[in-house]
Amino acid sequence: MWEKIEKYINDHREEIDIDMPRDNMWSQIEKKLDRKNTSAKRRNMFDSPVWKVAAVVLMLFGIGYIWGSLVADPQRPNPYTTSLLNGIQRVETGFPELKDVDAHFAKELQQRMEIIETYNLKRYPFADDYIIRLRKLDEKINSQKEQLKRNGLDNQAAQGLVESYQHGELLDNTSALEAAR
Amino acid sequence: MSLACKLYQLNATYINIHSDLIEACKKGDRKAQSRIYKLYSRAMFNICTRILGDRDTAEDALQESFVSAFGNIHRFEGRSSFGAWLKRIVVNKCLSMLNKRKLFSEPLEENIVDEDTTEDRSGGVADLDSRQIHEAIKNLPEGCRVIFTLYQLEGYDHQEISEILNVSVSTSKSQFHRAKKLLQDALSPALR
């Protein structure tokens, strides 16, 4: 019996393909082909070496901009430096014997700040620590000067102020910062 | 002109018609693609319905197969007929969808049926009807329906079926025999 069925199937192979796909099947396939072609064209366009080079250049510009604006911008105000430079508004003691030494200290401090700004040393993490210590020294000197104004110029107060002014190792540290840059 | 010569010419004409269409399809000619679709869609759709069992999934498979075929037609080198190449794509797409649905999650049993023990019911071929056979095949249980379709209708051998369905050769054979028996049972009233 099977031979008869098999023979029928073989002799009528196309006739047993009864099912028909929906009439709109081709239009759906066309839509899919169109979508595929559009995305392939878009992909091909961006596969071009010109676009690749352009993308790399844009990326480099982007990185440069971010670096320049967030990390290495010398114009970017550093809160510590700004605070310290504001602190250079010297406290006037009214004692003429202190005027020259205080001006000298302010000049030294200003030079250190200029070095830090010129070489953009503040982008290094260790520069922050240095600037904080300079600011603390400056605050200490200003405080000592306020005390002098209130209490008058005595030997002990004058000695303390001079020791502060002579905090040379801190001022010399700028060279280490320069070397590290 | 000899019969062999006529056949050769007929064959050559057939090949040329399709190669022109295929070359046009390679250039993205939508009319040529439409003609190829009209030529093959019915046969391919019936492969889909027989393997997948339901019409909606079969239509999805047909769509994806043609999109895939036209998208990769530049890879068709003409070593086989275009129909055979397209059929491969369709069968693979159907099997892939079948696997996605995990319809083969139940292992196919090695339900070996000895062909010689099946009852030989006599009857005339003239009594058979294409629609009856079509429906009987579609009503087979899924596992043996897929194997019957691949072996009997699409020309795969049991070794190939075992590889693409990841079953043993003996499972493929036993499921084919099971399908034969079920078809004989289903069609026997027409053969009496």
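Trainee: Which residues does W2(A) touch, leaving out those up to four places away in sequence?

Mentor: W2(A) touches K180(B) and Q184(B). Touching here means contact, with the C-beta atoms, placed from the backbone, lying within 7 Å. Keep in mind that this is a predicted model, where local features need pLDDT of at least 70, side-chain atom pairs count only at pLDDT 80 or more, and totals for chains, interfaces and linings use all residues. Residues are numbered from 1 along each chain as its sequence is written, while chains are lettered from A and ligands numbered from 1 in the order in which they are written.

Trainee: Where is W2(A) placed, and why does W2(A) count as partly exposed?

Mentor: W2(A) belongs to helix α1 of chain A; helices (H or I, at least four residues) and strands (E, at least two) are DSSP runs, numbered from the N terminus. A residue is buried with 20 or more other C-beta atoms within 10 Å of its own, exposed with 12 or fewer, and partly exposed in between. W2(A) has 16 such neighbours, so W2(A) counts as partly exposed.

Trainee: And what makes V162(A) exposed?

Mentor: V162(A), in helix α7 (residues 155-165) of chain A, has 12 other C-beta atoms within 10 Å and is therefore exposed. Its C-alpha atom is separated by 9.4 Å from that of D102(A), 60 residues away along the chain.

Trainee: What is chain A built from, and what percentage of its residues count as buried?

Mentor: Chain A has eight helices and zero strands. Of its 181 residues, 15% count as buried.

Trainee: How many residues of chain A are in contact with chain B?

Mentor: There are 24 residues of chain A in contact with 31 residues of chain B. On the chain A side, α1 (2-11) and α2 (25-47) are the elements giving two or more residues, and α2(A) gives the most, with eight. That side divides into 13 nonpolar, two polar and nine charged residues. Ala, Val, Leu, Ile, Met, Phe, Trp, Tyr, Cys and Pro count as nonpolar, Asp, Glu, Lys and Arg as charged, and the others, Gly among them, as polar.

Trainee: Why are α2(B) and α3(B) called oblique to each other?

Mentor: The axes of helix α2 (residues 30-52) and helix α3 (residues 55-71) of chain B come within 9 Å and cross at roughly 140°. Angles under 35 degrees count as roughly parallel, over 145 as roughly antiparallel, 65 to 115 as roughly perpendicular and the rest as oblique. The two helices are therefore oblique. Among the residues meeting there are Y37(B), M44(B) and F45(B) of α2(B), and A61(B), L62(B) and F66(B) of α3(B). The contact residues divide into 10 nonpolar, five polar and one charged.

Trainee: What makes the phi of N166(B) stand out?

Mentor: Its phi is near 60°, a positive value in a residue other than glycine. Most residues other than glycine have a negative phi. N166(B) is in the loop between α7 (158-165) and α8 (169-191) of chain B, and counts as exposed because 11 C-beta neighbours lie inside 10 Å.

Notes:
Axes are lines fitted to C-alpha atoms, for helices over the stretch in contact, and angles run from 0 to 180 degrees between N-to-C directions. Two residues are in contact if their C-beta atoms, placed from the backbone, lie within 7 Å.
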